[in-house]
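Please open the model in the viewer and keep the sequence alongside.

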2 protein chains.
Amino acid sequence: MRYQLFYWPGIQGRGEFVRLALEDSGAAYDDVARGTGGMDKMMAMMKGAAEKKPPFAPPFLKSGRIVIAQVANILFYLGPRLGLAPKDEGQRLWLNALQLTVTDFVKEIHDTHHPVGTGLYYEDQKPEAKRYVAGFLDERAPKYFGYFERVIDKSGGPYLMGRKASYTDLSLFQLVEGMRYAFPKAMKTIERKIPKVVAVRDRVADRSGIAAYLASERRIAFNEDGIFRRYTELDK
Amino acid sequence: MRYQLFYWPGIQGRGEFVRLALEDSGAAYDDVARGTGGMDKMMAMMKGAAEKKPPFAPPFLKSGRIVIAQVANILFYLGPRLGLAPKDEGQRLWLNALQLTVTDFVKEIHDTHHPVGTGLYYEDQKPEAKRYVAGFLDERAPKYFGYFERVIDKSGGPYLMGRKASYTDLSLFQLVEGMRYAFPKAMKTIERKIPKVVAVRDRVADRSGIAAYLASERRIAFNEDGIFRRYTELDK
C-alpha cells in the first residue's frame, strides 16, 4: 500500500503529525503537494466537482479508494496498520482521546499568533497576540503538558500508553520540538515540570525512522508560516 | 447498557452534542454531574488518584468499564450502537472527519466571546471579541456552514450521509440552533445560502426522540455561560 498525503507544501503544520507516523514506520507515501502539479491535485480534491466526499481542509490521506481528513482521524486509521496503536477498541479510543487533546493544544498554539482571526496577518494583531500568549504560556501550555506528564506517569511509562510507543508519542515529540522553537525561554521553565514528556521526546528522536527523517530534506524547517512561529516579542 | 455522561451542569456546552445522540435513540443514561454528589464524582474521575486514564476535560462517557473522552470520540463509539452511524469503516471515517469539522467550528464559536483567553472574563476582552467576531461572521461561519451545505448536496441529501440521519446531523441541528440564539441577525443572512443545512435542522427537530427531549426539562436553555452566548453587541 502506497499512501498519498495531501498537505500545504513549505510548512510542517498539521501535516507533520501524519508525516512523523509514516516516516517512523518507513511507510511508502507521496507528499503530493510537494511534487509537480501536486497543488492542483490537492485543490481539485477539495473544490472539484468530481469529489463526492470533499475534505474541509488539508491534511488528508488517500489510501486506496478512501480519503481521510483530519489529523486525529488519519492517525486513528493508520495507527494499527503502522504498528503505532493497539488493536483493542477501548485502548484505541483512549489513544484517540489523547490525540484529540493534542489537536486542541495545537489550535491553541496556532492562536498565539492569530488570536483575532486567521484572515488577518500576525502584524495586524500583535497587541492581541501579546495578551493571548500570557495566559497561554502561564496556564494553558503547562496544563496540557502537565496532563500528558500525568498520563505517562499513570501508564507506568515510558510512553503515554505504557511500554510501547504510539502515534501520539510522536505527536508529543513534535509539540516539544515546536514549543522549543517558538518559545525557547518559556519552554525552559515549562520543561522543568515535565521530565517524562521530555524523555518521550528524546526516545522518539532516537527511533531509527524518525532520526533518518529529521536528517533528511523531507523534514521542512520550522518557519514563520507554520503553527509554531518564533516571534521573540511573544516569548518571555 | 446504561451510559453515564459526565459534563458540567448548568450549560448545554460540548456535552449537548452527546446528549442529542443519546436522547434521539432513547438510550438509558445518567447525566451524572446534574445529580446529587455528581460533581464530586466527575472531578474524582479527572483528578483522582484511582483513575488510570483520566480525561483532560468533560464531557466524557462511561460505558461499562471504559471511559471515553472528547465529543467526536464519544460519538464515534456511540454512533453504530445507537443506529446513528454506518458500520463500514470508510463511511465511519468520513463521518468522523465531518464531526471533527464540527469540533473545529465549535471552538471558533467559543472564541467569539473568549478570543484572548479562557482564563479571562468576556467583559475583560470585549474589544478583541468585537474584532474577532467580524471575521467569524463574515468568513468563518459561512465557510463552515457552506461546507456542510456542499456535503449534503453531494450526498444526494437530505442528510450529510445521504438518506439516513447520522449523529453529525444532530450536531448540525445544534449548530444552527446555537448560532440562531447567539447571532440572530447575522444568522438570517447566513441561512439564505444554506437551505439544505436548515432543512436538516428542521428534520432533526421533528424526530420523536429529539422533539420529546427539547420539550423536557432535561434540555437546559441557552445561556451566557455556554458556548453560544447572546451578546447583542457582537451580532450585526
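In which helix is the place of Lys185(B)? Lys185(B) lies in helix α7 (residues 184–191) of chain B; helices here are DSSP runs of H or I with at least four residues, numbered from the N terminus. The model is predicted, so local features need pLDDT of at least 70 and side-chain atom pairs count only at pLDDT 80 or more, while totals for chains, interfaces and linings use all residues. Residues are numbered from 1 along each chain as its sequence is written, and chains are lettered from A and ligands numbered from 1 in the order in which they are written.

Remain on Lys185(B). Because it has 11 C-beta neighbours inside 10 Å, Lys185(B) counts as exposed (12 or fewer other C-beta atoms within 10 Å; buried means 20 or more, partly exposed in between, with C-beta atoms placed from the backbone). Next, select Asp235(B), which is 50 residues from Lys185(B) in sequence and 6.4 Å from it in space, C-alpha to C-alpha. Leaving aside neighbours within four places in sequence, Lys185(B) is in contact with Asp235(B) and Lys236(B) (contact: C-beta atoms, placed from the backbone, within 7 Å).

Now turn to helix α7 (residues 184–191) of chain A, where Ala186(A), Met187(A) and Ile190(A) are the buried residues. Viewed down the axis of α7(A), these fall within an arc of 100 degrees, so they line one face of the helix; the arc is that of the directions from the helix axis to the C-beta atoms. They pack against α5 (126–155) and α6 (167–182) of chain A. On the face turned away from the buried side, select the exposed residues Pro184(A), Lys185(A) and Lys188(A).

Definitions and conventions: Helices (H or I, at least four residues) and strands (E, at least two) are DSSP runs, numbered from the N terminus. Two residues are in contact if their C-beta atoms, placed from the backbone, lie within 7 Å.
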